[in-house]
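Here is a short tour of one model, written to be read with the structure open beside you. Keep the viewer handy and follow along.

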Amino acid sequence: MTFELACRDYGYDCDFVAKGEDSGYVMREFGKHVDEEHGLWYSDESLKQIFQNKYNKK
Ligand SMILES: [Zn+2]
């Protein structure tokens with residue numbers, strides 16, 4: 001299964017989508033993008049929360 005986190009879904013006017021089959025990778029890519037492009041830092045815990053909210057995955 002391919003996971004993706006789209007920036008647009010979190011309130012940004014931005015076309016970035018972090019995509020991949022590795023959930024850890026997708027979380028890291030998304031976190032890195034938001035930090036670098038939007039100046040907002042998410043902790044690992046927050047990223048996990050975002051991911052779980054979307055995929056309902058523990
Ligand atoms: Zn973005």
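Is Ala18 buried, partly exposed or exposed, going by the other C-beta atoms within 10 Å? Please bear in mind throughout that this is a predicted model.

Ala18 is partly exposed, because 19 other C-beta atoms lie within 10 Å, while a residue needs 20 or more to count as buried. You will find Ala18 in strand β2.

Once neighbours within four places in sequence are set aside, the contacts of Ala18 are Glu4, Leu5, Val26, Glu29, Phe30 and His33. Take Glu4 from that list: it sits 14 residues away from Ala18 along the chain, yet the two C-alpha atoms are separated by 5.4 Å.

## Helix α1: one face in, another out

Helix α1 covers residues 23-38.

## The nonpolar core

The largest nonpolar core has 5 residues in all, namely Leu5, Val26, Met27, Phe30 and Val34. Helix α1 is the biggest contributor to this core, giving 4 residues.

Beyond residues up to four places away in sequence, Met27 touches Leu47, Lys48 and Phe51.

## Where the two helices meet

At what angle do α1 and α2 pack? The angle is about 115°, and the axes are 10 Å apart. Ser23, Met27, Phe30 and Gly31 make the contact from α1, and Leu47, Lys48 and Phe51 make it from α2. As for handedness, α1 passes α2 in a right-handed crossing.

Helix α2 has 12 residues. From first C-alpha to last, α2 reaches 16 Å, close to the 16 Å expected at 1.5 Å a residue. Just after α2 comes Asn56, with a positive phi of about 50°.

## Ser23 and His38

Two further residues of α1 deserve a look. Ser23 belongs to helix α1 and counts as partly exposed because it has 17 C-beta neighbours inside 10 Å. Leaving out residues up to four places away in sequence, Ser23 touches Phe3 and Phe51. Between Ser23 and Phe51 there are 28 residues of sequence separation, but the C-alpha to C-alpha distance is 8.1 Å.

His38 also lies in helix α1. With 14 C-beta neighbours inside 10 Å, His38 is partly exposed. The C-alpha atoms of His38 and Cys14 are separated by 9.7 Å, with the two residues 24 apart along the chain. Just after α1, Gly39 has a positive phi of about 65°.

How values were computed. Residues are numbered from 1 along each chain as its sequence is written. This is a predicted model: local features need pLDDT of at least 70, side-chain atom pairs count only at pLDDT 80 or more; totals for chains, interfaces and linings use all residues. The expected span of a helix is 1.5 Å times one less than its number of residues. A nonpolar core is a set of buried Ala, Val, Leu, Ile, Met, Phe, Trp, Tyr and Cys residues joined through C-beta atoms within 7 Å. A residue is buried if 20 or more other C-beta atoms lie within 10 Å of its own, exposed if 12 or fewer, and partly exposed in between; C-beta atoms are placed from the backbone. Two residues are in contact if their C-beta atoms, placed from the backbone, lie within 7 Å. Axes are lines fitted to C-alpha atoms, for helices over the stretch in contact, and angles run from 0 to 180 degrees between N-to-C directions. A crossing is left-handed if the near helix is turned anticlockwise from the far one by less than a right angle, and right-handed if clockwise.
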